[in-house]
Amino acid sequence: MNTESFSHLWRSTWAICRKDVKLYYAKGPIVVTGVLFPLFLWGAFYIGRGVVPRE
Amino acid sequence: MSAIEAVNLHKRFGSVSAVNGVSFKVKEGEIFGFLGPNGAGKTTTIRILTGILKPDSGEARIMGYDVHKDPVKARMLTGVVPEEANPYPDLSAWDNLMLVGYLYGLSKHTASERAARLLKLLDLYEVRERKARSLSKGMRQKLLVAMALIGEPKVLFLDEPTSGLDVLSARKIRSLILDLKNNGVTILLTTHNVEEAGELCDRISIINGGQIVETGSPDDLMIKSGLYTYISVKFDRQVDPEDAGQFFKDWEHRVQGSRILVICKESAEPIVRVVEYAKARSLSIIDIHTSPPNLEDVFVKIIGG
């Protein structure tokens, strides 16, 4: 694959990614369940990792 | 080199043979029409030529590039207005056009310049920020045409581009098609509108049952069909039926009062004879008109057998 076709492929891929983000991923429910909720869970476990359970 | 070349294309869907040995060539800058009844194989042929479907056998080439062996090069030269497709409904008209522009490898500047020009040309500029889902069917169809043109393709496939459009929009699309032809774009057009095909196309192929049954210019098809032209002449006074019968004996004809109807396959000679007849008998021609067979008659005759 030459440089020109690689550049075209990259730009096309990027255009499709932007379209998909705009159409499908940058939506309230997707952001909440797909980004914020996993981040919150990860953060909760991360912060709570050093806590020793009380007997 | 032909702009579009189909060589012995075959495609089956289960037991149904959708395309059965279709071969044709389209010259650069030509408008080539594909006419046929529903299910004749028009859309399947276009899908093969645009690389959407792979044929069971045969070859499809665009500007010399094999559509299936060299798909990117072939597609970069091609624009398609499919029969059943929609722009992304949740993207605006502008974003739809820009997306296709980027897929054709255009820079942001070039894509936005062409998008603005095409939207203005097709009277969509005012609604460019509206989502495609909120556009009317005609507007969406025009947007599809704009999306096919943004890459400035050398070969354009139009699958029923004016279906569902109002008269003015259809006329605009037809005039755009002729402008594109004048700019050297090769166009393959399928339509159910036989008169439209006759008006736009340099050559027409009539396809039925997956096979091309006739190819030629609209005029050639009319001649090949063997249908008749009617010449109706009205003189300033009554005509002697016996005398007229003798004069026009080479053609089927009717004489009624001051009117003669001549039925012929080729109209030039009978018209000359009508003038000679009037001159020899000092008759004045009040009215003369010819009714050649129209393309719809030809289509029905060829498809109907």
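**Strands and helices**

Tutor: In this predicted model, chain B holds an open sheet of six strands in the order β6-β7-β8-β3-β9-β10, with mixed pairing. Residues are numbered from 1 along each chain as its sequence is written, and chains are lettered from A in the order in which they are written. Because the model is predicted, local features need pLDDT of at least 70 and side-chain atom pairs count only at pLDDT 80 or more, while totals for chains, interfaces and linings use all residues.

Student: What makes β6 and β10 of chain B stand at the edges?

Tutor: Strands pair if DSSP finds at least two bridges between them, and β6 (78–81) and β10 (211–216) of chain B each have a single partner strand, so one side of each is left without a neighbour in the sheet.

Student: How many bridges join β9 and β10 of chain B?

Tutor: Strand β9 (residues 203–208) of chain B pairs with β10(B) in the antiparallel sense over five bridges, and I207(B) stands opposite I212(B) in β10(B).

Student: Why are α1(A) and α3(B) called roughly antiparallel?

Tutor: The axes of helix α1 (residues 3–25) of chain A and helix α3 (residues 93–103) of chain B come within 8 Å and cross at roughly 155°. Angles over 145 degrees count as roughly antiparallel, and α1(A) and α3(B) are therefore roughly antiparallel to each other.

Student: Which residues make that contact?

Tutor: With contact meaning C-beta atoms, placed from the backbone, within 7 Å, the residues are R11(A), S12(A), A15(A) and K19(A) of α1(A) and L99(B), Y102(B) and L103(B) of α3(B).

Note on methods: Axes fitted to C-alpha atoms, helices over the stretch in contact; angles between N-to-C directions. Helix = DSSP H or I, 4+ residues; strand = E, 2+ residues; numbered from the N terminus. Parallel < 35°, antiparallel > 145°, perpendicular 65-115°, else oblique. Contact = placed C-beta atoms within 7 Å.
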